[in-house]
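Please keep the sequence and the structure in view while reading.

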Amino acid sequence: EIAATRLDLGAAQQRHTTQRRLLAGLLMELDAAERQTPLSALLANATLGTYFAHRNQLVLLEEDVRRTLAEVRANRDELQTAEQALAARQQTLRALANQLADEQETFVEEQDAKQRLLASTKQNETNYQRQLANLRAEQAQIDQDIVALDAKVRERLIAIDADFGRIGRV
């Protein structure tokens, strides 16, 4: 869109330059014609008809100058408006680009924070699973020790009971 506007501006500037050259040429012709007095213009022409034809050409030339001058002014105004619109559009695009860059930076920072949190959570989960496995192993060992102690206590009780039974028969 900006490139198209720049092309349009370039074309309008080219038209403006061309019209200025034409206007300059017309103004020089008009100036030369106005320097000539009516008597010298009449004497310069062979007949009265050529004099009036020349005067009509001068009137047409003045009208062309006015029209061309109005077109140049309109083109100049159009160019200024287009340049202002282009500048405003560029400023808007720069602001949007800055906003996008800020949002991308924020997004990257959030992604990094999430990755760090995920890594930390995974590490905590690994530590938890290791501690849980250690506790289960300790619990199993304690259960085995209790079973072994229970068996020893029962053996001792049976042995003590048997010793008391022998003592009582004697």
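The points below move from the whole chain to single residues.

The model is predicted, and the chain has an average pLDDT of 81. The chain contains 3 helices and 0 strands. Buried residues account for 12% of its 170 residues.

**Confidence**

- A pLDDT of at least 70 is reached by 76% of the residues.
- Among the elements of the chain, the highest mean pLDDT, 87, belongs to helix H3, which covers residues 48-169.
- Helix H2, covering residues 38-44, has the lowest mean pLDDT of the elements, at 59.

**Overall architecture**

- Read from the N terminus, the order of elements is α-α-α.

**A pair across sequence distance**

- Alanine 11 belongs to helix H1, which spans residues 2-35.
- The relative accessible area of alanine 11 is 37%, so this residue counts as partly exposed, a class that lies between the 20% and 50% cut-offs.
- Alanine 11 and leucine 79 are 68 residues apart along the chain, and their C-alpha atoms are separated by 9.8 Å.

**The salt bridge**

- Side chains of opposite charge can pair when their charged atoms come close.
- The structure holds 1 salt bridge, formed by arginine 154 and aspartate 150.
- The closest N and O atoms of this pair are 3.2 Å apart, which is within the 4 Å limit for a salt bridge.
- Where do arginine 154 and aspartate 150 lie relative to each other in helix H3? The two residues are separated by about one helical turn, because they are 4 residues apart in this helix.
- Arginine 154 has a relative accessibility of 52% and therefore counts as exposed, the cut-off being over 50%.
- Aspartate 150, with a relative accessible area of 36%, is partly exposed.

**A nonpolar surface patch**

- Which residues form a nonpolar patch on the surface? The patch consists of Val153, Leu157, Ile160, Phe164 and Ile167.
- Together, these residues have about 520 Å² of accessible area.
- One of the patch residues, isoleucine 167, is located in helix H3.
- Isoleucine 167 has a relative accessible area of 59% and is therefore exposed.

Technical notes: Residues are numbered from 1 along each chain as its sequence is written. This is a predicted model: local features need pLDDT of at least 70, side-chain atom pairs count only at pLDDT 80 or more; totals for chains, interfaces and linings use all residues. Side-chain values use heavy atoms; hydrogens and water are left out. pLDDT is the predictor's confidence in each residue, from 0 to 100. Buried means under 20% relative accessible area, exposed over 50%, partly exposed in between (1.4 Å probe, protein chains only). A salt bridge is a side-chain nitrogen of Lys or Arg within 4 Å of a carboxyl oxygen of Asp or Glu. Patches are made of residues with over 30% relative accessible area and no salt bridge: like charges are joined within 9 Å, nonpolar side chains (Val, Leu, Ile, Met, Phe, Trp, Tyr) within 5 Å. Accessible areas come from the Shrake-Rupley method with a 1.4 Å probe; for residues, only the protein chains shown count as cover.
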